[in-house]
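This report describes the secondary structure, helix packing and aromatic contacts of one protein model. The sequence and structure are shown first.

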Amino acid sequence: MKSFRLSSAVVEITNRCNLRCPFCYSASGCARPDELSLDELKAAIRDLKSLGCERCAILGGEFLLRKDWYEIADEIRSTGMALQLLTNGLLVTDEIRRQFKALEPQAVGVSLDGATPETYKLARGVDGYAKVRKVIDDLVSDGINQVSAITTFNAKTLQD
């Protein structure tokens, strides 16, 4: 019998989010009442590694709203798994970019829904296009291995 080997995992470390996008896959907003503690998440990460997991992505909601996000990300890296970070980009500061770089993620995905400020605002409900574009450009300049713009297509953005 062939043994099971998990190659990648996506871990939602919080449901909290600073946005209320109408297309959100997880209806993010508030933390779930049974959100895992730091110790529980670290144990789950070690379990993923024991199953052979090679890559682990963290996301939310918006994972940056969780105060211990760096410890969680660092736990992934310390196991030897490749780290991937998925963010809406609006909370990324210069300090957070330095933390991203220190973690040496395999990839950072930043949500950019729309090719113009107007379309972005239609999709996300906030005026954040310029901020998110700058974050993407800055992460590339920081030497992050792979920076991706993550886009959700819907009737408001499809024309882009």
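In which sense do strand 2 and strand 3 pair, and over how many bridges?

## Basis of the description

The model is predicted: local features need pLDDT of at least 70, side-chain atom pairs count only at pLDDT 80 or more, and totals for chains, interfaces and linings use all residues. Residues are numbered from 1 along each chain as its sequence is written, and side-chain values use heavy atoms, with hydrogens and water left out.

## The sheet

Strand 2 (residues 55-59) and strand 3 (residues 82-87) pair in the parallel sense over four bridges. Here, pairing requires that DSSP finds at least two bridges between two strands; helices (H or I, at least four residues) and strands (E, at least two) are DSSP runs, numbered from the N terminus. Within this pair, isoleucine 58 stands opposite leucine 85 of strand 3.

Both strands belong to an open sheet of five strands in the order 1-2-3-4-5, with parallel pairing.

The buried residues of helix 2 (residues 69-78) are Trp69, Ile72, Ala73, Glu75 and Ile76, where buried means under 20% relative accessible area, exposed over 50% and partly exposed in between (1.4 Å probe, protein chains only). Their cover includes helix 1 (38-50), strand 2, strand 3 and helix 3, with contact defined as heavy atoms within 4.5 Å. Glycine 80 follows helix 2 and has a positive phi, near 95°.

In helix 5 (residues 129-141), the buried residues are Tyr129, Val132, Val135, Ile136, Asp138 and Leu139. Among the elements that cover them are helix 3 (94-103), strand 4 (107-111), helix 4 (117-124) and strand 5. Just after helix 5, glycine 143 adopts a positive phi of about 85°.

## Aromatic contacts

A pair of aromatic rings is described by the distance of the centres and the angle of the planes. Rings of Phe, Tyr and Trp (its six-membered ring) pair if their centres lie within 6.5 Å; planes under 30 degrees apart count as stacked, over 60 as edge-to-face and the rest as tilted. By this rule there are five aromatic pairs. The rings of phenylalanine 63 and tryptophan 69 have centres 5.5 Å apart and planes at 70°, so this pair is edge-to-face.

Phenylalanine 63 is buried, with a relative accessible area of 0%, and tryptophan 69 also counts as buried, at 6% relative accessibility. Ring pairs join Phe63, Trp69, Tyr70 and Phe100 into a cluster.
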